Amino acid sequence: MARIGIFFGLVLCGLTVAALSVTTEKSYTQFVPMMFGIPLLFLGVVGLNPHRRMSATVVALTLGMLGFGCGAIRFVVLMVEQAAGEDINPLSFRLVVAMTIVCLVFALMAMIWVRKRRERKNQSVNLEQPQPETDLSADDHETTAVPDASISAGSEVDPVSSSAATSANPYQSPRVIENSTETR
């Protein structure tokens, strides 16, 4: 999501640059997309850090929603002015519409990302919790397997884990763990 934030921040800054290069008549609405684009770009760069990614995305989502809200309000104000018969700057109108659409698309993408990330986090938490034991009826006791203490006490080798895996670095690939005694 960080790269997407960087992309949308650059798009908003590009809208301002494009608007400034088209005409010599300047208005404050031409600078509004850049006012949202620079912080969004910064939050995208902060989101490249995995430890800050969720926080940066939530703040960027809030900023995107704020940009959409401001753009929508300005759009309504410009439509009311046009309905009243006043002249409006068509470039500013197009810029406000473009900024509103870009911020809306970014906010929707960020909401989807945050929701999926939280669902994934909840699923991993549910997998780590032990399953509740079920009550066994009298019929189930006959088919329930009971471990034999004499067999398990006599075996010294753990069949689940290998001895090489316990002393090796868990971040190494299996090939490196198996060949850790060889010289390179």
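Student: How many helices and strands does the chain have?

Tutor: The chain has 8 helices and 0 strands; helices (H or I, at least four residues) and strands (E, at least two) are DSSP runs, numbered from the N terminus. This is a predicted model, in which local features need pLDDT of at least 70 and side-chain atom pairs count only at pLDDT 80 or more, while totals for chains, interfaces and linings use all residues. Residues are numbered from 1 along each chain as its sequence is written, and side-chain values use heavy atoms, with hydrogens and water left out.

Student: What percentage of the residues of the chain count as buried?

Tutor: Buried means under 20% relative accessible area, exposed over 50%, and partly exposed in between (1.4 Å probe, protein chains only). Of the 184 residues here, 24% count as buried.

Student: Which residues have the most contacts inside the largest nonpolar core?

Tutor: In soluble globular proteins, nonpolar side chains tend to be buried together. A nonpolar core is a set of buried Ala, Val, Leu, Ile, Met, Phe, Trp, Tyr and Cys residues joined through side-chain atoms within 4.5 Å. The largest such core has 17 residues, and Leu 12, Leu 40 and Phe 106 have the most contacts inside it. Two or more residues each come from α1 (2-22), α2 (32-46), α3 and α4, with α4 giving the most, 8 residues.

Student: Which residues does Leu 12 touch, not counting residues up to four places away in sequence?

Tutor: Contact means heavy atoms within 4.5 Å. By that rule, the partners of Leu 12 beyond four places in sequence include Leu 40, Met 99, Val 102 and Cys 103. Across the chain, 70% of the contacts with a separation of 6 or more join residues 24 or more positions apart.

Student: Is Thr 57 buried or exposed?

Tutor: Thr 57, which is found in helix α3, counts as buried because its relative accessibility is 6%. Leaving aside neighbours within four places in sequence, Thr 57 is in contact with Met 1, Ala 110, Trp 113 and Val 114.

Student: How many disulfides does a search of the whole structure find?

Tutor: A disulfide is a covalent bond between the sulfur atoms of two cysteines. The search, which requires a pair of cysteine sulfur atoms within 2.5 Å, finds 0 disulfides. Cys 70 is in no disulfide, because its sulfur and that of Cys 103 are 8.8 Å apart, too far for a bond. Cys 70 is partly exposed at 34% relative accessibility, whereas Cys 103 is buried at 3%.
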